Amino acid sequence: MTTLLINSIYRATEGEGIHVGIPQVFVRFQGCHIGCVNCDTKETWDFDPSFTMDLDDVMSKVETLSQDIIKRISITGGDPLHPSHIPSLIELIKELKARDYTINLEAAGTRIVKEVFDLVDFISYDFKTPSTEVKTSKELLFRFISEYSHKAQVKAVVSDKKDFEATFDAYHFVKKNNAPSVPWCLTPCYEPGEEFPMNRFQHMLQLNEHFGLPFRVIGQQHKWAYGVNAKNV
Ligand code: SF4
C-alpha cells in the first residue's frame, strides 16, 4: 500500500502566481530540508511519520473537497520533490490523472525531477532570492525553462532591491542563452506578523518599471483576504 507524508489537504483559491483566483484543492506534503529563512510554512519541515496517510485516504479527501466541481489540484509543501517523497508522489499523480484532475506542482527550484515534471500539467518553479539564504542555480533554471517552458512559470519572492537584482540577473542569464519565453512572477514578500508592506510593493513595482518591465508583480491575495498568519486559505 502506498503511504504519503501529508501536512494537510484543503480547498482554497490560488492566491499567487499567474493562476491567481482559480479554486483548487491543495495537497500539502510534510517534510522539507531546504530551509528558506523566510519560509511561511515552517510547520511543514519535519519528516514526522505521524503525518502518514494512505493513498486511498488522500484520494478520498480530495474527492470530498472537489465535489466533482474543482478538477484542479495543487501539490505543494514542504518539499514534495524531496527524494524520499518521489515514489509516493508519482503514485499520487498517476491516481489523480486517472481521475482527470489537472495538476499544478510547486517546485522549490533546487532540483529537476524529470519523472515527476513529465507527468504534471504545470510547474511553478521557484527562483530562490538572496533573502531566502537558499540558492537556485542559474544553470539549473536555464535547463528547467529550456525543457518545460510550455507548462511553467518562474516565481521569486522578493523582499528588497538585492532580491530584485538577483532575479533580474537570472532572468538576463536565461534570456542571453536563448531560453524560451516563460512568465516570471515577482511576489513581494509579506511575512507572518508583519503589517501589510505597502512600501515594499510599491518599490518592487517601481524597480520593475526601471528595469524595463521584465516581470509580472503579483502579491499573495490570500494574505490580504484572510490575514498574513492564516493557514490553509
Ligand atoms: S522550500 Fe518551501 S517549505 Fe521548504 S523552506 Fe523553502 S519556502 Fe519553506
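Which residue in β2 is the bridge partner of T13? I looked this up to get started, and the partner is P23.

**Ground rules.** I am working with a predicted model, where local features need pLDDT of at least 70, side-chain atom pairs count only at pLDDT 80 or more, and totals for chains, interfaces and linings use all residues. Residues are numbered from 1 along each chain as its sequence is written. My helices (H or I, at least four residues) and strands (E, at least two) are DSSP runs, numbered from the N terminus.

**The sheet.** I followed β1 (residues 3-13) and found that it runs antiparallel to β2 (residues 23-29), with seven bridges joining them. Two strands pair if DSSP finds at least two bridges between them. Strands of a sheet pair through backbone hydrogen bonds, either parallel or antiparallel. Here I found nine strands in an open sheet with mixed pairing, in the order β3-β1-β2-β4-β5-β6-β7-β8-β9. The edges are β3 (52-54) and β9 (216-217); each has a single partner strand, so one side of each is left without a neighbour in the sheet. I also saw helix α5 (residues 161-176) packing on the sheet, where it touches β7 (152-158) and β8 (184-188). Touching means contact, with C-beta atoms, placed from the backbone, within 7 Å. The direction of α5 makes about 155 degrees with that of β7.

**α4 with α5.** Next I checked helix α4 (residues 138-148), whose axis comes within 10 Å of that of α5 and crosses it at roughly 55 degrees. Axes are lines fitted to C-alpha atoms, for helices over the stretch in contact, and angles run from 0 to 180 degrees between N-to-C directions. The two helices are therefore oblique to each other: under 35 degrees counts as roughly parallel, over 145 as roughly antiparallel, 65 to 115 as roughly perpendicular and the rest as oblique. On the α4 side I noted K138, L141, F142 and I145, which meet A170, F173 and V174 in α5. By class, this contact has six nonpolar, no polar and one charged residues. Ala, Val, Leu, Ile, Met, Phe, Trp, Tyr, Cys and Pro count as nonpolar, Asp, Glu, Lys and Arg as charged, and the others, Gly among them, as polar.

**α1 with α2.** Then I turned to α1 (residues 55-66) and α2 (residues 86-98), whose axes come within 11 Å and cross at roughly 40 degrees. L55, V58 and M59 in α1 meet E91, L92 and E95 in α2. I sorted these contact residues into four nonpolar, no polar and two charged.

**The ligand and two backbone details.** Around the ligand I listed C32, I34, G35, C36, C39, T41, T44, G77, G78, D79 and A108, each with its C-beta atom, placed from the backbone, within 6 Å. That shell divides into five nonpolar, five polar and one charged. Looking at G77 and G78 again, I found a cis peptide bond joining them, with omega about 20 degrees. G78 sits in the loop between β4 (72-76) and α2. My last stop was E133, in the loop between β6 (122-126) and α4. E133 is not a glycine, yet it has a positive phi of about 65 degrees.

Key:
Contact = placed C-beta atoms within 7 Å.
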